[in-house]
Amino acid sequence: MSLESLPVHRGLRVPYVATWTGEEDISRAVVAAAGALRYVDPLVDAACRWQGALWRRLMRAQGEGTPIFEALHPVRQRTAMWEQLCQVCGVSVADEAAQMGGALYLGGADGTAGADPIADGERTENPPLHIACAWESVRHCRHLLEGYAAARVAEPRQWGVAGILHAAVGGTVVPVKKKAEVAYGSPLLPWMLAERALVELVGVRSVDLAAEAEGAGLAPVGSRR
């Protein structure tokens, strides 16, 4: 996929990682078995397990229905994180990262004070972007229009997952924390219903995205925000 080939909804390109209403949640009921959270069907369970965690299961029907821009499709988000694909166009950022001294990441504003700089060691669920895709995002994404921070990251490290932490109680399983973050290798990982992969950003260098866009011929000189 490329930026030009992305599906368009109401004049806006729909990012690769966004979920569509046609992508129904088909996660089966979970049970406790063999010391872990599992789906009853062993084939489904095996297909939905990644790095020790059970993953929420959504249909793959990109482009069907209406996009839910703020919702990340679990499998596409995870794929983008592990393979370093652009969250917007779905193409590898490796070549650009090598040329620019790191993969490009964006952080959005939190409240009315704008966006804090991306910190070294920070964790994120948002995959990297190309300059062109990032520049389009900050000019059209409602969240990023409120403010954003940009950084080049030398070493995005696979850290763990975010999702719903479960526990076995009285012969059944119950959710005990709906917004949990658990590292790979943690004894809690087998009890997660994972929804998003998390990376730790190491070797962070804040950058001026508008200046990079100008340098790449994507924005007119003087367009810096």
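This is a short tour of the structure above, stop by stop.

**Before you start**

The model is predicted: local features need pLDDT of at least 70, side-chain atom pairs count only at pLDDT 80 or more, and totals for chains, interfaces and linings use all residues. Residues are numbered from 1 along each chain as its sequence is written, and side-chain values use heavy atoms, with hydrogens and water left out.

**Stop 1: colour by confidence**

Colour the chain by pLDDT, the predictor's confidence in each residue, from 0 to 100. The mean for the protein chain is 90. Of its residues, 91% reach 70 or more. Helices (H or I, at least four residues) and strands (E, at least two) are DSSP runs, numbered from the N terminus. Select strand β1, residues 8-9: confidence is lowest here, at a mean of 69. Then select strand β13, residues 192-206, where confidence is highest, at 98.

**Stop 2: the paired strands around β11**

Select strand β11, residues 148-169. Two strands pair if DSSP finds at least two bridges between them.

- β13 pairs with β11 in the antiparallel sense over 13 bridges. Find Pro156; its bridge partner in β13 is Leu201.
- β12 (172-183) pairs with β11 in the antiparallel sense over nine bridges. Ala168 has Val173 in β12 as its bridge partner.
- β9 (103-108) pairs with β11 in the antiparallel sense over six bridges. Ala103 stands opposite Val153 in β11.

**Stop 3: helix α2**

Select α2, residues 74-83. For burial, the cut-offs are: buried under 20% relative accessible area, exposed over 50%, partly exposed in between (1.4 Å probe, protein chains only). Seven of the 10 residues of α2 are buried, so the helix is largely enclosed by the rest of the structure. The buried residues are Pro74, Val75, Arg76, Gln77, Arg78, Ala80 and Met81.

Step just past the helix to Gln84, which takes a positive phi of about 55°. Gln84 is in the loop between α2 and α3 (94-100). Gln84 counts as buried, at 17% relative accessibility.

Now jump to Gln51, in the loop between β6 (49-50) and β7 (53-55). Phi of Gln51 is also positive, near 55°, in a residue other than glycine. Gln51 is partly exposed, with a relative accessible area of 42%.

**Stop 4: the aromatic cluster**

Rings of Phe, Tyr and Trp (its six-membered ring) pair if their centres lie within 6.5 Å; planes under 30 degrees apart count as stacked, over 60 as edge-to-face and the rest as tilted. The count comes to two aromatic pairs.

Select Trp50 and Trp82: they form an edge-to-face pair, 5.6 Å centre to centre, with 85° between the planes. Trp50 lies in strand β6 and Trp82 in helix α2, so the pair ties together parts that are 32 residues apart in sequence.

Trp82 and Tyr184 form an edge-to-face pair, 5.8 Å centre to centre, with 65° between the planes. Tyr184 lies in the loop between β12 and β13, so this pair ties together parts that are 102 residues apart in sequence.

Trp50, Trp82 and Tyr184 form one aromatic cluster. Trp50 is partly exposed at 29%, Trp82 at 30% and Tyr184 at 21%.

**Stop 5: the pockets**

On a 1 Å grid over the protein atoms alone, a pocket is an open set of points where a 1.4 Å probe fits, with protein on both sides within 12 Å along at least five of seven lines; lining residues have an atom within 4 Å of a point. Grid points are joined across faces, edges and corners, and a volume is the space filled by probe spheres set on the points.

The largest pocket holds about 1,400 Å³ of space. Its lining has 47 residues; select Phe69, Glu70, Leu72, Asn126 and Cys141, which lie nearest its centre. Elements that each supply at least two lining residues include β8 (67-72), α4 (131-140) and β13.

Last, show the second largest pocket, at about 170 Å³. Its lining is Ala47, Cys48, Trp55, Arg56, Arg57, Leu58, Arg60, Val75 and Arg78.
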